[in-house]
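User: Please take a close look at one part of this model and then set it in its wider context. I would like one connected account.

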Amino acid sequence: MPLLIQGGRIITPNDDFVADIYCEDQTITRIEQGIDAGSLPKDTQIVDARGKLVFPGFIDPHVHIHLPFMGTHAKDDYESASKAALAGGTTTLIEMICPGPSDEPMSAFREWASLAEGRAAVDYSFHMAVVRFDELAQRQLRAIVHDEGIASFKVFLAYKGALNLNDSDLFGLLAMARELGVIVTAHCENADTIAAMQARLIADGKTGPEWHEPSRPTIVEAEGMRRITTFAELTGAHVYGVHTSCSEAVYEAVKARLRGVRVWIEAVVPHLVLDKTCAEKPNFEGAKFVMSPPLREKRHQQALWNAIRGGDIATIGTDHAPFDFNGQKDMGKADFTKIPNGVPSIQERVALVYTHGVCAGRIDLQTFVDACSTQAARIFGMYPKKGAIGVGSDADLVVWDPEWRGKLSKEHSYSKTDYCAYEGWDVQGRASVVTVRGEVQARDGKFVGNIGRGELIRRKPTHF
Ligand code: URP
Ligand code: ZN
Ligand code: ZN
């Protein structure tokens, strides 16, 4: 059905103007002032956006939905994650495929893709995590890039004995990624030092969630960022540091960039608004906030916001990794190293960044839309299909009510976890209409769309 969005204030990284947007056959076909609704097909759906902001659909470049991890499985599936994403204004997800150390990459790709197909209501793609790099894996990774439309890899410099890739395989992978034009996203920490420090803390009886951060301090993350950027310098690969939590890691990336390394930085919303004291909450409640890299001292939040404002940090994602408090997080009651790592945020991201970024005066609207949508599309080979409001772009649009005020809560969340990390928090602004390729999928914080509408976005390598 054709769609006309009337009179909204259109915001992109380069534009701020009032116009009507007409969409047909899943794409934007006209952007003009005063489109005459009477001249359009009779079945055109009309959305009154006067007094509202209109953004390109938001993109979350870092989510976990199917995630076998730390002896359990993350709680969401594509249905719950899509509903949560859309209710918050996110129309495209990039999920991490995280196979086990002996799994074949191609069968992992097929497993993850089959779980999304027919069940997603958002459009989606995958970063392919590389946890082994033998000959068979290399052959299959090339096929995943050439035949399946995947244009980004993921490496973990953390999680010893599970997802971690050793340095010689990391070097080989970066060399291959350079040849293929594939960007390598990286979890930057040091698996061996973390394992050693955790063993020491546990032996000393320091077993609660408050010891998670001291077991992987900022210097450990900075070392990971320095290592990935050093290897990128040696191989010419393009790299992207995920969920960067502290100023030390940002400095390492910026220093490398000044040497000519092609490195992008991602922040995620928990590090921007939560701090280390959350993991220190009594009665094991801190476990709700155990993620890696950990929540840091509050001073790092301002450094991250400043880096977003200045363009040193390109994107804001979530690292949505949903585990229940009861039955999953409590697997680590006697030992914090067994708490499944992750904080669910897929529904809350956009409102939190709008409230604590735009409304708090830390970033402007252009930076907001750039960091939460356009940059991810550009870096990961989806622009201008995604992340743009232009003729020919997919009609993924968010009509945003900047005046709405409300609270975040588990009650209004579609994620399946038994808690909301931002329970009771005040937010300003809400997605009043959300479209995916021209179909309304969410209204006023509620999913109203079609499960199964979401499509796999086939991407081509762009990092040559
Ligand atoms: O704590 C986190 N970040 N959990 C998900 C896995 C990862 O490292 O991204
Ligand atoms: Zn990670
Ligand atoms: Zn992650």
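Where is H243 found?

Analyst: H243 is found in the loop between β13 (239-241) and α7 (247-258); helices are DSSP runs of H or I with at least four residues and strands are runs of E with at least two, numbered from the N terminus. The model is predicted: local features need pLDDT of at least 70, side-chain atom pairs count only at pLDDT 80 or more, and totals for chains, interfaces and linings use all residues. Residues are numbered from 1 along each chain as its sequence is written, chains are lettered from A and ligands numbered from 1 in the order in which they are written, and side-chain values use heavy atoms, with hydrogens and water left out.

Although H243 is not a glycine, it has a positive phi of about 30 degrees. Most residues other than glycine have a negative phi, and most peptide bonds are trans.

H243 is also one of the residues around ligand 1, each having a heavy atom within 4 Å of the ligand.

A polar side-chain atom of D319 is 2.5 Å from a nitrogen atom of ligand 1. Backbone polar atoms face ligand oxygen: one of S292 at 2.8 Å, and one of G342 at 3.4 Å.

P293 sits in the loop between α8 (269-273) and α9 (299-310). Another cis bond joins Y383 and P384, with omega about 5 degrees, and P384 is in the loop between α11 (365-379) and β16.

For context, the chain is assigned domain 1 (3-55 + 393-406 + 426-447) and domain 2 (57-379), with bounds from an automatic or database assignment. Their C-alpha centres are 31 Å apart. The two domains bury about 2000 Å² between them, 66% of it on carbon and sulfur atoms; this is the accessible area (1.4 Å probe) lost on being put together, summed over both parts. P13, F55 and F447 supply 28% of what domain 1 buries against domain 2, more than any other three residues. The count between the domains is one salt bridge (a side-chain nitrogen of Lys or Arg within 4 Å of a carboxyl oxygen of Asp or Glu). The side chains of D123 and R437 meet in a salt bridge at 2.7 Å, N to O.

Definitions and conventions:
A polar contact is a pair of N or O atoms within 3.5 Å; within protein, one must be able to donate a hydrogen and the other to accept it, and residues adjacent in sequence count only if both atoms are side-chain atoms.
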